[in-house]
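Hello,

Here is the structure for you to look over. My notes follow it.

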Amino acid sequence: MNITTHINGKSYSHDVEPRLLLIHYLREVVGLTGPHIGCETSLCGACTVELNGKAVKSCTMFAVQADGANVVTIEGLASNGKLHAMQEAFWNEHGAQCGFCTPGMIMASKQIIDRNPNPTEEEIRHGLEGNICRCTGYQHIVNAVKAAAKAAGV
Amino acid sequence: MATTITKPETLVGKRIRRREDPRLITGTATYVDDIKMPGMHYATIVRSPHAAARIRSINTKKAAAHKGVIAVFTGKDTQKVGPVPCGASLPGLRVPHHHILAMDRVYFAGHPVAVVVATDRYVAADAADLIEVDWDVLPAVADPEKALAKGAPAVHPEWPDNVAFNYHQEGGNVEKAFSEADVVVKQRITSQRLIPTAMETRGVVADWRPADRQLNLYSSTQIPHLMRTLVAQMLGLEENRLRVVAPEVGGGFGSKLNVYAEEALMGFVAMKIQQPVKWIESRRENFLCTIHGRGHVDHYEVAAKRDGTILGIKLHIIQDLGAYHQLLTPAIPTLSVLMMPGLYKTQNVRADIVGVFTNCVPTDAYRGAGRPEATHGIERMVDVLAAELKMDPAEIRLKNFVTKEQFPFPTATGLTYDSGDYAAPLKKALDIVDYQNLRNEQAQARKQGKLMGIGMSTYGEICAFGPSPATPAGGWESATVKIDPTGKVTVMTGASPHGQGEETTFAQIAADELGVNIDDILVLHGDTAVVQYGIGTFGSRSTAVGGTAVYFALQDLKAKIKKFGAMLLGSDDVSFSGGQVICNKTGKSKSIQEIAAASYRAMKLPPNTEPGLISTHFWEPPNFTFPFGAHIVVTDVDRDTGAVAVRRYVAVDDCGNILNPLIVDGQIHGGVAQGLGQALWEQAVYDDNGQLVTGELMDYAVPKAHMMPRIESDHTTTPTSVNPLGVKGVGEAGTIGCSPAVVNSVVDALAPLGVKHLDMPMTPETIWKLIARSKS
């Protein structure tokens, strides 16, 4: 099937198999490396991307369902060489260790702030339920989300 | 021209953000699955659905004929490759031959039996479904205690008792200690099987260059050099023809401190098809086929005086090994024995281990590797003893600690504890929680029928592996530091960090020692074609051993810099500081950049002087290090649901000197999360047929953000004398300190109901049943 997608501000047209998962499309066809595959069962969140403004797990969608959609991945967050506030916060607060969950974690964190610019710690932790990190114990990630929210509020 | 500014400020000890992060937060890091090569094929592995079965036949015809499939291999094709290596040796150890693909029999669910190679990962998966295996299913045994029972199915028919080894160690006079005891407490304590669950599963890309007789192997591993040696042997390839690259590695926790069948298998495939091949483990495979951790059933006896003085400890360990020995499988429980006295001065110990085969995936090193089991055991037993004697758990610990005057302290298990002040972190933690008030609050809560618990653990761990005689592969680590003609510094470490932040901490060390800007330093690791031979990252060793190798390489290099500087300044009376060699008489100086340039131009060198600025150091540690600490956990147990809520988690850890507090905090938090996972939620459950019931993230409960408490982390600092950095290691501390503190807290909460012990994981169901039983 022919699909057209808009990914990180660029348009793509490809002929894809109907069964091709969005994550495989992004990684294998478009050539991105940010969205990761941690489980293929929508449980770990490493593949989280933004689709038409909403965070989705790209391992649980077919590429054809993204036909016509606007997709933002971690690669599309920085603009003009300047990191997004959430990326900067993850760096400052040591929100990444091995880094494998990090792109999905940052996309989910950005979504938390997009929906609620001033979340409580509980709301942040609830918002991150769909993303697993095995390295950090989440504390520095939660700190990063708080810091990004604070930076955005300034 | 960009110049390096001399900076007097030191970086070691500073909370600076990591230098590896820009690629991680922008999604541009290269993990194995990000590697693409022209002509690359994909492999899917067909695995046994049965825990024990004979293979009558395998029909690969349909799969081989499937469009896009270029090869199918089974055990017959690969029988000359391997075996999968076991690096541990124990007297009388039974080592089953571990083929990379099953021959005529499988031993655990997930055992690889065939590999399908195709142009695309979807096609490979389609074709794998077309492989027909005619199974003769056999009885399996998945529980180590059941495997020891008479009449149990034999995992390996040649050893019907399922015993892989018996191990005995003792020190002091245990019988005398027990005969003099006022009280002996006994408890069966389990440390359940856990699944390491690195967020990046394993993966391998193999690229064979026949014209060069060169195999390039990209693997998500913690030990690229050891892998090169071992996989070269498995493939019958000269070691210098194999290059192993650990690219970005998405977590390991010990599960990638191994050499697996798939690494040699992909090498074999690439050499056969003469094209690059990629295999990426699915999460399901990761649960089924990557090593598990723990798997202990321990029987403890502790003898003591009525005043709480511990006289002796007896320990019998039943270790669930799984079906095979992976790299270190049988060695792991021997670490538990080494650490069985914990922080206590008793000199009378006896331990026996029986290593048991089961029809499960092998156990091996998982964060802490033998030490969490030991700490869990002794820290539970001290609480059991305190309860028996009606003593306060803090008081009984303080009474039995090795005192700070006693270091270096020889233990009953043959170790020498390097340095410590074990009371200090406990007292600090007690202060932080305001212990006496907390106990008063608990007394009030109990009057109201509330289940509030206060639990502590005071852990010690054996880290910085280690002196080579005690470490199967050698315990040293290597470093090369070189300075280019323009003065830029490259550090190459034999350690293989994968999240621990050594690209930052090693750069901090080098920046301080050389007096150069940290931005002028690059830290490389993980590529056997780039980095001198090394051991790897595990056992909380990278900074304490690898960082020390960097330190000594820098000392050699500084001597060279000084020598060249003296030559340029025409004076022997020089000193080196702040990136400058300074003539002590004239005050004239030469910068490191000027000296580097001159060293490569090699003009007017004195005789017998080697040009260039490079130094390599292999550092052999004289001892392990022994970090320690105290964790206190306050819990509330819900009477109606059995749910445990962690109200406070206070961790006071002493890992010696701290190079970067931000990174150390991260290690503690992550370690505690894995300890809390074990205490409350995680367990690899096999049913009686050897099927892994918790085979997906849906069923295996790793902690998520909302399940974790905020950890209050603090430190005491007792430097080690084992290395000049004074660092002890921190990677496993959180995990080791955590689980007994949590269990002690919940047992304390349930003490009014008569509960004296709980095994992990303490799920709401388990606790609810206990509460329900206490009512009836």
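The lining of the second largest pocket draws on both chains. Chain A gives α1 (22-29), and chain B gives β1 (41-47), α4 (121-128), β12 (277-280) and α9 (283-289); each supplies at least two residues. β1(B) has the largest share, with six residues. Please keep in mind that this is a predicted model.

The second largest pocket holds about 770 Å³ of space. Its lining counts 37 residues. Nearest the centre are A:Glu40, B:Thr44, B:Ile280, B:Ser282 and B:Glu285. By type, the lining has 15 nonpolar, seven polar and 15 charged residues.

Now the domains of chain B. The assignment gives three: domain 1 (21-27 + 476-619), domain 2 (32-138 + 201-249 + 256-289) and domain 3 (296-466 + 623-775). I looked at how domain 1 of chain B meets domain 2 of chain B.

The C-alpha centres of these two domains are 39 Å apart. In contact are 16 residues of domain 1 of chain B and 17 residues of domain 2 of chain B. Together the two domains bury about 1400 Å², and 53% of that lies on carbon and sulfur atoms. On the domain 1 side, B:His498, B:Thr528 and B:Tyr533 supply 42% of the area buried against domain 2 of chain B, more than any other three residues.

Charged pairs also link the two. Two salt bridges are counted between domain 1 of chain B and domain 2 of chain B. As for individual pairs, the side chains of B:Arg23 and B:Glu248 form a salt bridge, with N to O at 2.5 Å.

Best wishes

Technical notes: Residues numbered from 1 in each chain as written. Chains lettered and ligands numbered in written order. Predicted model: local features only at pLDDT ≥ 70, side-chain atom pairs only at ≥ 80, totals over all residues. Heavy atoms only, no water. 1 Å grid on protein atoms, 1.4 Å probe; cavity = no way out; pocket = protein on both sides within 12 Å on 5 of 7 lines; lining within 4 Å. Points joined across faces, edges and corners; volume = space filled by probe spheres on them. Helix = DSSP H or I, 4+ residues; strand = E, 2+ residues; numbered from the N terminus. Nonpolar A, V, L, I, M, F, W, Y, C, P; charged D, E, K, R; others polar. Domains from an automatic or database assignment. Contact = heavy atoms within 4.5 Å. Buried area = accessible area lost by both parts, 1.4 Å probe. Salt bridge = Lys/Arg side-chain N within 4 Å of Asp/Glu carboxyl O.
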